[in-house]
Amino acid sequence: MEDRGAIKEADRAAPAAPRKPKATTVPAEVFGGGLYKTRDKVYCKSVSGTVRRWKWIALSILLGIYYIVPFLRWDRGPHAPDQAILMDMAGRRGYFLWIEIWPQEVYYLTGVLILSAIGLFLVTSLFGRVWCGFACPQTVWTDLFMAVERAIEGDRAQRIKLDKAPMSVSKVVRKSAKHTAWIAISLATGGAWVLYFYDAPTFFRDLAAFEVSNATLAMIALFTSTTYLLAGWAREQVCTYMCPWPRFQSAMLDEQSLVVTYQKPRGEPRGKGKGGDCVDCSLCVQVCPTGIDIRDGQQMECIGCGLCIDACNAVMKKIDKPVDLIAWSTVTAQQALEAGREKPRFRVIRPRTLIYASVLVVVSVAMATALALRPTTGLTVLRDRAPLFVTLSDGSIRNGYTVKILNKVREERPYTLTTTAPDAHLSVALGDLSVEGQSVTLSTKPDTVSTFRVYVTRARSAVPMESVPLGFIATEADTGARTRTDTVFLAPK
Amino acid sequence: MPTKIEKDAVSGTMTTGHEWDGVKELNTPLPSWWVYTFYATIAWAAVIMLLYPSVPALSGYWKGLIGYSAREEVMQDMATARQARAATFQRIETASLADIRRNPELFTVALAGGKAAFGENCAACHGAGGQGAKGGFPSLADDTWLWGGSLSDIQQTIQYGIRNTHAESRQSAMPKFGIDGVLTNAQISDVAEFVLSLSRRSTDAASATRGAAVFAENCVSCHQENGTGNRELGAPNLTTGIWLYGGDKASIMETVRASRSGNMPAWVELDPMTIKMLAVYVHALGGGE
């Protein structure tokens, strides 16, 4: 790993680089002139330090989760896939460890998304854009791609030199090596993505036998190409121009949130021997993955990765100044510093964080309760619309219903179907036979919906009005669990 | 009018030089790759327009270079579906009605096919779901049948119809007792009162007793002594609560006076397999025997 010595070396490698940092990535010629901004390529300098170490740890854990999770197994019995986390599109099920989600329960996923969003709000209001800087796939993969780039083409100065150099065999070799490595990583990314929708061992067997469908290959191609384009080429352009989050995350931040901050009162006036601690070495700009100058203050482009903190601390140590000229700090703390007051304590508990946290708790509890009380039976009753009712020869009234019993258990289960009307006579055709009576016993197929045509006949005198309420009750024979669905029974005027 | 390009004091961003009533526009240009992407989508649209049917003309339209047609695609899909169903249809064609009814797979297909054919051919009179309609179109969902409710009875009725010109058609005719002068108005009133008594709705016992004699003399040959009817002749059961032309006294008198004799066409234009599926469907509407 590089240390402070590396900074010196890099300085030597780029003697022609101007000492004065550029204040902005917009080239001077477009000021007031062009309608479109040409892209200034960001040559990100390598850096080491505490933050960088945390970023490597986050990267390893997140990529580890992404690539390992599809291979985790979970035994669900003989008729279900044994992949721990699987979105089984063909089987129309989502498997999350012990939880099995049916298509009509997709609101659980909505709930997870809501939880994620509120969690993001809470974390942002406390620690600024840590999601952007450490956990966002765009950041993680861009970091990985940059590491590969650095390994093949060298650090910032060498890369600038290589890009400026005329075409040569060594340039072509280096560039193609880099892109090959990128595409390999992208393929692994796209390949791992489909494993969340495709049983992993089966996928590799199918792949070896050339039996993977075109749709699957298209998905792999899509995720491979987007990974390659977004992490290899687009990089900070994604955060600045494509992602909506930076545009509205300021609504979650306040003057008490920790954000990456250049401590202006301490640093200014910048420059060697000017009085401030900032020696204007421009390293904070050189290491920035989005190519901004943190000394310009909070900016939309800043992803809060904190690499400038590492870069600056290395310099501060070298020139024997206290570290953290650039640090995670709050607007309140900076105002106190400027006014010469004592640094205020970082406040975790504020109305904003309390509100986000309580919403988070409420939604979590609601979801956990809903999940725990989730029934294993569904009962749907559709009343016939044509005919609305049938008058039988003895004057009694018959209504037809389509009763659907959803058996979410992976074994056949018998149910006793009754109604809330004690006089109602039920009749269900089961193949050639028909079962009749006040209650009928129906056997349901495992793990699916069983549909029954149910005729309910009642004496004319039992139905005094055109429409009376009628409830269907399915009682699971083994456990006695009751599921009720209400409908109506219609009769002539 | 572009005036002076200057640096905005608050944001530090350059202005475009445009100013409206003192409001100046900041220059925050789009990245150029963005506009190139936009141009690429325009080019893409042009290519799609060339390849696929797109621009309408006064007559016809641009058909596209690759000859794609959504209509043809549907036709192909339908042909594929027909092919996929052919085997099942063949089994339905050869299987007996009872076998179709017993086999869950054939039964499901027959129900679906029968429902579609019913909607096209039968629902106009019998109503969707076979609930029947006023004016002589019987309900097919209740438990009474004029000509029989077994699978084969239903098949026979659908195939050849009722009181039409086809040689195999179900035939019968009730005399026009009033118009033809067989019964007087008083006799008609009495016999109607007796018919009401068959379903225990008579309010005039004396008239009903007089009507019983009229009934015995004129009606029992078809409707039977106890009024339960005769399916061989399509003579309805008069003892139930179901009345095709109305069960009140006036309606019954009108039926006796002028007779009704509704009819149904012979569905000779439907192929035998469709008739079979229709029979299975109607049988399953709720009244099949």
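1. The radius of gyration is taken over C-alpha atoms, and the globule rule is 2.2 Å times the number of residues to the power 0.38. By this rule a compact globule of 493 residues would have a radius of gyration near 23 Å, whereas chain A has 33 Å. Along the principal axes, the C-alpha atoms of chain A fill a box of roughly 110 × 60 × 45 Å.

2. This is a predicted model, in which local features need pLDDT of at least 70 and side-chain atom pairs count only at pLDDT 80 or more, while totals for chains, interfaces and linings use all residues. Residues are numbered from 1 along each chain as its sequence is written, and chains are lettered from A and ligands numbered from 1 in the order in which they are written.

3. Chain A holds 16 helices and 16 strands (DSSP runs numbered from the N terminus: helices are H or I of at least four residues, strands E of at least two). Of its 493 residues, 28% count as buried; a residue is buried if 20 or more other C-beta atoms, placed from the backbone, lie within 10 Å of its own, exposed if 12 or fewer, and partly exposed in between. Among contacts in chain A with a separation of 6 or more, 70% are between residues 24 or more positions apart (contact: C-beta atoms, placed from the backbone, within 7 Å).

4. A nonpolar core is a set of buried Ala, Val, Leu, Ile, Met, Phe, Trp, Tyr and Cys residues joined through C-beta atoms within 7 Å. The largest one has 42 residues, and those with the most contacts inside it are Leu417(A), Leu278(B), Ala279(B), Val280(B) and Tyr281(B). Elements giving two or more residues to this core include strand S10 (413–419) of chain A and helix H11 (272–283) of chain B. H11(B) supplies the largest share, seven residues. Beyond its neighbours within four places in sequence, Tyr281(B) is in contact with Ala110(B), Leu111(B), Gly114(B), Lys115(B) and Phe118(B).

5. How many residues of each chain take part in the contact between chains A and B? In chain A there are 25, and they are in contact with 29 residues of chain B. Strand S1 (36–37), helix H10 (236–242), strand S8 (390–391) and S9 of chain A each give two or more residues to the chain A side. That side divides into 10 nonpolar, nine polar and six charged residues (Ala, Val, Leu, Ile, Met, Phe, Trp, Tyr, Cys and Pro count as nonpolar, Asp, Glu, Lys and Arg as charged, and the others, Gly among them, as polar).

6. S1(A) and strand S3 (residues 30–31) of chain B run parallel and are joined by two bridges (strands pair if DSSP finds at least two bridges between them). Within this pairing, Tyr36(A) stands opposite Leu30(B).

7. Ala84(A) lies in the loop between helix H2 (50–68) and strand S2 (85–88) of chain A. Is Ala84(A) buried, exposed or partly exposed? Ala84(A) counts as partly exposed because it has 17 C-beta neighbours inside 10 Å. Residues up to four places away in sequence aside, Ala84(A) touches Leu72(A), Arg73(A), Trp74(A) and Leu97(A).

8. Ser11(B) is found in the segment before strand S1 (15–20) of chain B. With 10 other C-beta atoms within 10 Å, Ser11(B) is exposed. Ser11(B) and Gln76(B) are 65 residues apart along the chain, and their C-alpha atoms are separated by 62 Å.

Technical notes:
Two residues are in contact if their C-beta atoms, placed from the backbone, lie within 7 Å.
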